[in-house]
Amino acid sequence: MEFLELIFGKIGDLTWGWSLIPILVIFGCFITIATGFVQIQFFGRMFRVLSNKNNTGDPNQISAREALLVSVGGRVGGGNIAGVAVAISLGGPGAVFWMWTIALVGMATSLVECSLAQLYKRKVGENTYRGGPATAIIHGLGREYRWLAVVYAICLIAAFGLGFNAFQGNTVAGAVQDSLGVDRLWTGLLLAAISGVIIFGGIHRIAKVADVVVPIMAVGYLLMAAVVILINVTSLPGVLYDIVANAFGLREAVGGGMGAAIAQGLRRGLFSNEAGLGSAPNVAATADVRHPISQGITQSFSVFIDTIIICTCTAFVILLGDVYVPGAEGIDGVALTQQSMVFHLGAWTQYFLTGAILLFAFSSIIYNYYLGENAMAVLTKNPMGILILRVAIIGIVFLGATAPGATAVFFFSDPMMGILALVNLLAIMMLFPVAMRLLRDFRTQLKAGVERPVLNPDDFTDLDIDREAWNVPAR
């Protein structure tokens, strides 16, 4: 075990330690410039999906809105509540500015990776699509790169399907035990049972659950944060000044100064919004849309919701209160957010926040499961593989919830996610000309007065795309 921990520790050092974050930042800046700041050009279009319950024309299909909410449900979680608090504790208020920066850059990366996933998706059954980076590698780069898709799939199952679901189960059980005094065993049984009912229903049931749960948890948390901001609105300009001043070293809040602010802001921002990590494209491919870029725009919006909106609300709750003391030790993570909320609105908020954490973690569990299912479909077409995965994930959720120390076994999650991200970025780089071609097609149709551009597979006959998934007459 010590040998394995050493090996995976080295992998973590080689990925998250020094190479991955600079690559994500540089590549995100390159995409932003090469696409002509696409996240700004199409920013207005992003909001349309919120008011469109189902734009597919088929109630049995997964809409762009539902795919968006599944992605938001997966992205929004501990990173938005505990992660922001950690970033501020270790990097100072300036870390928030660099979280904003990486989110704006990541919006372009997310648009490209999710558009490629949509383009190469495959139709399976009557009303279901599958796709993601692994499918894009096989059909975009060619069968000779299948080994790369297999590496991606194994890392996706290990990191998200198993490791992170154990952590989420542990988070839920710990929060319930601490605030309500409920034994971990009962929480684990209930969580495993509910998870089983949903994941055995497949992506359609997952999408329907997310369409209900995610808006409730996100709107509830945002409303509470909005009340805090309104109560302290006169102090907001000072907080904004502290964020910018600390971000550029004009005011040092913690040891490390500007360097700590940049490092913590970029790292926590990337962990929170997952742009470029190769997870969200798996869900993006399930939606029935008219053009791949349309879903890319929608998924870019999920990065905005996750970091610019929800993470910012958490940051303001912390920085507008007196609980946070720059450079002080002893309180950080979710406790800092909880105590800051209690400072503003009273003791009842800790129970509300516990409920929000439960919903955030639960939505992440079903999101992580689907990522694992999608990866398993790449490794084997045998239905038994999916069944084994479902049973394993239900068991892993229960194990993570009931054994406080058990999650230490899943030390491989972060290193596996590091490899996952590097494989995904390599695939995006190699397929970037195809993404630019899609973007030109989308823009050309908009200039011609087409309000909702449609992908015509006859214009892409040189690519290995599934014509059934892009059946223009059916639309």
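The structure is a predicted model, so to speak of local features a pLDDT of at least 70 is needed, while side-chain atom pairs count only at pLDDT 80 or more, and totals for chains, interfaces and linings use all residues. Residues are numbered from 1 along each chain as its sequence is written, and side-chain values use heavy atoms, with hydrogens and water left out.

The protein has 19 helices and two strands, taken as DSSP runs numbered from the N terminus (helices H or I, at least four residues; strands E, at least two). Of its 475 residues, 59% are buried (buried is under 20% relative accessible area, exposed over 50%, partly exposed in between, with a 1.4 Å probe and protein chains only). Among contacts (heavy atoms within 4.5 Å) between residues at least 6 apart in sequence, 81% join residues at least 24 apart.

In soluble globular proteins, nonpolar side chains tend to be buried together. Here the largest nonpolar core has 135 residues, where a core is a set of buried Ala, Val, Leu, Ile, Met, Phe, Trp, Tyr and Cys residues joined through side-chain atoms within 4.5 Å. Helix α19 supplies the largest share of this core, 16 residues. Ile88, Leu119, Tyr120 and Phe160 have the most contacts inside the core. Setting aside neighbours within four places in sequence, Ile88 is in contact with Pro93, Val96, Ala315, Ile318, Leu319 and Tyr324.

Rolling a probe the size of a water molecule over the atoms shows where empty space is left. Three cavities of 30 Å³ or more turn up. A cavity is a set of points, on a 1 Å grid over the protein atoms alone, where a 1.4 Å probe fits but cannot get out, and lining residues have an atom within 4 Å of a point. Grid points are joined across faces, edges and corners, and a volume is the space filled by probe spheres set on the points.

The largest cavity comes to about 70 Å³. Helices α7 (94-119), α8 (133-141) and α19 (413-447) each supply at least two of its lining residues, and α19 gives the most, with four. The lining includes Glu113, Pro133 and Asn424, and it splits into eight nonpolar, one polar and one charged residue (Ala, Val, Leu, Ile, Met, Phe, Trp, Tyr, Cys and Pro count as nonpolar, Asp, Glu, Lys and Arg as charged, and the others, Gly among them, as polar).

The second largest cavity has a volume of about 40 Å³. Among the residues lining this second cavity are Leu24, Gly28, Thr109 and Leu270. Helix α7 gives the most to this lining, with four residues, and the lining divides into five nonpolar, three polar and no charged.

Ser300 is 261 residues away from Gln39 in sequence, yet 7.3 Å away in space, C-alpha to C-alpha. Not counting residues up to four places away in sequence, Gln39 touches Thr32, Met46, Leu104, Val105, Met107, Ala108 and Ser300. Arg146, in helix α9 (residues 146-180), is partly exposed, with a relative accessible area of 30%.

Note on methods:
On a 1 Å grid over the protein atoms alone, a cavity is a set of points where a 1.4 Å probe fits but cannot get out, and a pocket is an open set with protein on both sides within 12 Å along at least five of seven lines; lining residues have an atom within 4 Å of a point.
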